[in-house]
Amino acid sequence: MKSAAALLKQKFAPLPSCDLKGRPFVNKPSLRKKLAEYKRHPFSLVMMVLVMLSALVTAAIVLWIVIHVIMQGAPNLKASLFELEYDSENLSLMPAFFNTLIIAGMSLLIAVPVGVAAAIFLTEYTSSANKFVAVVRMAAETLAGIPSIVYGIFGMILFVEMLFKGFSLIAGILTMAIMILPLVMRTTEEALRAVPDSFREGSFALGAGKLRTVFRVVLPSAMPGIIAGVILALGRVVGETAALIYTSGTVKAVPDSLFGSGETLAIHMYTLSSEGLHVDEAWATAIVLILLVLVINGAAEFISNKFRKRY
Amino acid sequence: MIRPELRQNVYIRGDAEPPKFRVRDLDLFYGTFQALKSVDMDIEKNEITALIGPSGCGKSTFLKTLDRMNDIIPGCRVSGRVELDGADIYAGGMDVNLLRKRVGMVFQKPNPFPASVYDNIAYGPKTHGVRKKSELDDIVESSLRRAAIWDELKDRLKKSALGLSGGQQQRLCIARALAVKPDVLLMDEPTSALDPISTGKIEELAQELKKDYTIVIVTHNMQQAARISDKTGFFLLGELIEFGGTDEVFDSPRDKRTEDYITGRFG
Ligand SMILES: Nc1ncnc2c1ncn2[C@@H]1O[C@H](COP(=O)(O)OP(=O)(O)O)[C@@H](O)[C@H]1O
Ligand SMILES: [Mg+2]
C-alpha cells in the first residue's frame, strides 16, 4: 500500500522534457515555434488569441465574483448567523437554509420523475414524425424560456389564492416543479436521443421487451446527461426569488407543515439587502448559498462519474 | 403465385422434414418502396447459408424478416410466409421476444452495451428469467468459451466492453447472442468492420458453431461466402435471383446476372 502522499506525488510528477536518450520531444513545439507557424496564417493567430481571451475573461469574471463575495462575506460569517431560530438580533440564515433544501428537494422529487417519464414517452414510444410530439416539444421549449415571474404569478393565482389560501411551502414547491418540468424534460429528451439506436437493437435482438430495453439499456446510458439536466434545474430553484416571493412567501422560519409559509436563502438575501440595513449579513449568506451550489454540483458530478465508470 | 422463371434458379427441397426456415413468396415494403419481391428460400439446420449481392439489394432487410427485427421500423410491411420449424413466425400468437431468443442476431457494427463484459453476456439470460448468480456465472463462461474469447477476456470480465478491440467486441456480441441459447444465428456482415485476422477468427468460429446452430450470414465479400458457406443466395434489387449449394452457385451459376456479379462485372 502506497501512502496517499506518494500516490499524489506520482500523479502530479512533472513529465520528463526529453526521451530516455536525452533527445527533446519533437511533437511538442515550444510557444515560439507555434507562433512562428502561425505567422503564415495570421487569421488563425487572431482567432486563437480571441478564443483564449474569451476563456480568460469568463474565468476571470467568475473568479472576481467569488473572491468579492468571500471578501465581503467572510468577515461577517458569525456563529449567530447559524442559530436555529431567526430573530432580528441574530439574522440567522438557518430557517432559510432548511426551507431551500425542502423546496428544492421536493420540487425535484415531483418534476424529475414526471419530466423523465414524459421524455421517455416522447423519444421511445412515439415516432419522430409524430405531430403531437412536435407540438409538445415546441411547447416545452417555449415554457423553458418563459421568465420565472410568469410562473410566480401563475402559482400565486392557482395555488396561493385558489387552492391553499395563503403563501406556503407547498405552493412554492408546486410552482417550482412546474417551472423546471420543461427543462428536465428537454434535457432528458436530448440525453435519450443521444443513445445510439444500436444499443436498442442489441437489446431487442436478445428478446428483451420495450420496457426492459428502456430501463436497463437506454436510461443508464443516458444517465450522465439526465443528471446534468437535473443540476441545471436545481440551480434554477436554488437561485429563484421572484416566483417564490409570490408563492412560498418571506416568513423567516421553518413552518410546521408544508402548508405554512417560509422563505429560501435567495429570498433571505434579497430581503436582508433590500432593507439596506443588513447588507453585511446578505454577503455572508451569499457565501453559504455559493457553497450549497458547489456541494450540490460536486455531488451530482460524483454520481454522474459513477455511472460513466460503470458503463 | 410462384413465378416459374424465378423458381428455376432457386433450390427448394422436398417437404419430408421441414427445414429450419421455410420462406415463401415473401414481399416487404418500406412505405411504398418494395424492398423484397416474392422471395422463396429454405434454410437448413446445421448449415451456413450466405447471402450475397450488391449494396441495397435487400440482404439486411431479408435477414431481419427472420427474427422480425423489421417490426420496430415504422412503415415496414411484410406479406408472405416465414416458417421456423414449421410454425409461421408472423402468425398472431407468436411471442416476438421468444422468437428473438431462438433466433439470435449479430450486427454489422459491433454493438456491445456500455457495460462490463460480464453484464453484456448476462443481460440476455437475465431477460429470460435466469436470476441465480452461479447459473449466470456458468452461462457467461460457457458463452465466452463458445465464442472462442474466454481466454482473452476471463481476467477482464468486470471491465467495460467498450475498451475491447473491434474484433473482440464482435466476438463478445456473438457470445452475447449465444448466451440466450438460440437455435439460429443471423449475422449481418459481421466482419465488414474488422481487420483480416479478426475476420479469420470469426469465420473459423462460424464453421465451429454450425455443428450446433443454423447460421445465416450476410456478406459483402464473395470469397468469404465461398470459403465458409454451404448454401449461397444471390439477391439483386430485392429479388432472390439464385439460391443453391455454394459450389454450384460459384462454379456454374445458372443465371447470367449471378455470373456477372460473381465475376465482378458489376455490383
Ligand atoms: N428503414 C428503411 N426505410 C426505408 N428504406 C429502407 C430502410 N432500410 C433499408 N431500406 C432500403 O431497402 C433497400 C434494401 O436495403 P438493405 O436491406 O439494407 O440492403 P443491403 O443490406 O443488401 O445493403 C435499400 O434500397 C434501402 O435503401
Ligand atoms: Mg446491409
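**Figure 1. A mostly covered strand in chain B.** A residue counts as buried when its relative accessible area is under 20%. The model shown here is predicted. Strand β2 of chain B spans residues 33-43. Eight of its eleven residues are buried, so the strand is mostly covered.

Figure 2. Strand β1 of chain B covers residues 21-30. β1(B) and β2(B) run antiparallel, and seven bridges join them. One facing pair is B:L26 and B:V39, the latter in β2(B). Which residue in the turn has a positive phi? B:G31 does, at about 65 degrees. Two residues lie between the strands of this hairpin.

Figure 3. A:K252 pairs with A:E263 in a salt bridge. Their closest N and O atoms are 3.0 Å apart. Both residues sit in the loop between α10 (242-245) and α11 (265-274) of chain A, so the pair ties together parts that are eleven residues apart in sequence. A search of the whole structure finds 31 salt bridges over all chains.

**Figure 4. The salt bridge of B:D71 and B:R68.** The closest N and O atoms of B:D71 and B:R68 lie 3.0 Å apart. B:R68 has a relative accessible area of 13%, so this residue is buried. B:D71 has 37% relative accessibility and therefore counts as partly exposed.

**Figure 5. The salt bridge of B:D85 and B:R102.** B:D85 forms a salt bridge with B:R102, with 2.8 Å between the closest N and O atoms. This pair links distant parts of the chain, 17 residues apart. B:D85 lies in the loop between β4 (76-84) and β5 (87-88) of chain B, while B:R102 belongs to helix α3 (residues 96-102) of chain B. B:D85 is partly exposed because its relative accessibility is 33%. B:R102 is partly exposed too, with a relative accessible area of 30%.

**Figure 6. A salt-bridge network in chain A.** Six residues join into one network: A:R137, A:E141, A:R186, A:E189, A:E190 and A:R193. The salt bridges that connect them share partners.

**Figure 7. A patch of positive charge on the surface.** Which residues gather in this patch? They are A:R216, B:K126, B:R131 and B:K158. B:K158 is found in the loop between α6 (150-153) and α7 (166-178) of chain B. The relative accessible area of B:K158 is 64%, so this residue is exposed.

Notes:
Residues are numbered from 1 along each chain as its sequence is written. Chains are lettered from A and ligands numbered from 1 in the order in which they are written. This is a predicted model: local features need pLDDT of at least 70, side-chain atom pairs count only at pLDDT 80 or more; totals for chains, interfaces and linings use all residues. Side-chain values use heavy atoms; hydrogens and water are left out. Patches are made of residues with over 30% relative accessible area and no salt bridge: like charges are joined within 9 Å, nonpolar side chains (Val, Leu, Ile, Met, Phe, Trp, Tyr) within 5 Å. Accessible areas come from the Shrake-Rupley method with a 1.4 Å probe; for residues, only the protein chains shown count as cover. A salt bridge is a side-chain nitrogen of Lys or Arg within 4 Å of a carboxyl oxygen of Asp or Glu. Lys and Arg count as positive and Asp and Glu as negative; His and the chain ends are not counted. The place of a charge is taken as NZ of Lys, CZ of Arg, CG of Asp or CD of Glu. Helices (H or I, at least four residues) and strands (E, at least two) are DSSP runs, numbered from the N terminus. Buried means under 20% relative accessible area, exposed over 50%, partly exposed in between (1.4 Å probe, protein chains only). Two strands pair if DSSP finds at least two bridges between them.
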